[in-house]
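I opened the file to note how the parts of this chain sit against one another. Entries follow in the order I looked things up.

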Amino acid sequence: IDLPEQSEPKAMYIPVKQTGSSLFISGQIPATENGLLYRGKVGKDVTLEQAQKAARLCVINMLAAVKCYLGDLDRVREVVKIQAFVSSAVGFDQQHIVVNAASQLLYDIFGESGRHARTAVGTNQLPLDSPIEIEAVFEIKM
């Protein structure tokens, strides 16, 4: 997986905040250097498969932020929790299936240390019309 360069925040926040051995990673959207990969509501404008690709890109952007902060990913001890918000059309109830793609990627990268607690929430709107946003808590080696 090629990690993108970390971009500057677009609002009043920092991408990663450390307290002790915990990293709190700000919400990541499925953006590339060319903008959002997809826009709109899952179940209407974005298919389930597209939303899963978007969830994976959120994780890739998350890892880029962590790598930029730490210098490398070898200091990640474990993924503690992810919280995902899925911009959902009325009646769409597969948020957990969308977020499974993010969870699977974290497991594929970190193995058992990538297993995490998780929340997958449907919402009516996200910034920039993003279909998904994912934030996380990681524990790092000190």
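Predicted model: local features only at pLDDT ≥ 70, side-chain atom pairs only at ≥ 80, totals over all residues.

I looked at one pairing in detail. Strand 1 and strand 2 (residues 22–28) pair in the antiparallel sense, over 4 bridges. Within that pairing I found Q18 opposite L23 of strand 2.

**Aromatic pair**

I searched for aromatic pairs and got 1. The ring centres of F110 and F138 are 6.3 Å apart and the ring planes stand at 80°; planes over 60 degrees apart count as edge-to-face, so this pair is edge-to-face. F110 belongs to helix 2 (residues 95–110) and F138 to strand 7 (residues 132–140), so the pair ties together parts 28 residues apart in sequence.

**Salt bridges**

I counted 2 salt bridges. In one of them the side chains of R77 and E139 meet, at 3.6 Å from N to O. R77 is in strand 5 and E139 in strand 7, 62 residues apart, and I logged this as a link between distant parts of the chain. I looked up how open the two residues are. R77 is partly exposed, with a relative accessible area of 40%. E139 is also partly exposed, with a value of 23%.

The side chains of R115 and E112 also meet in a salt bridge, with 3.1 Å from N to O. I have E112 down as exposed, because its relative accessible area is 54% and the cut-off is over 50%.

**Helix 1 and its end**

I went back to helix 1 to check its length. Helix 1 has 23 residues and reaches 33 Å from its first C-alpha to its last. That is close to the 33 Å expected at 1.5 Å a residue. Which residue follows helix 1? G71 does, and its phi is positive, near 100°.

L70 is found in helix 1. I noted L70 as buried, because its relative accessibility is 13% and the limit is under 20%. What does L70 touch, leaving aside residues up to four places away in sequence? I listed L23, R75, V76 and I140. L23 in this list is the residue that stands opposite Q18. For I140 I also took the separation from L70: 70 residues in sequence, and 9.3 Å in space from C-alpha to C-alpha.

Conventions: Residues numbered from 1 in each chain as written. Heavy atoms only, no water. Phe/Tyr/Trp six-rings, centres within 6.5 Å; stacked < 30°, edge-to-face > 60°. Helix = DSSP H or I, 4+ residues; strand = E, 2+ residues; numbered from the N terminus. Pairing = 2+ DSSP bridges. Salt bridge = Lys/Arg side-chain N within 4 Å of Asp/Glu carboxyl O. Buried < 20%, exposed > 50% of the residue type's maximum accessible area, 1.4 Å probe, protein only. Expected span 1.5 Å × (residues − 1). Contact = heavy atoms within 4.5 Å.
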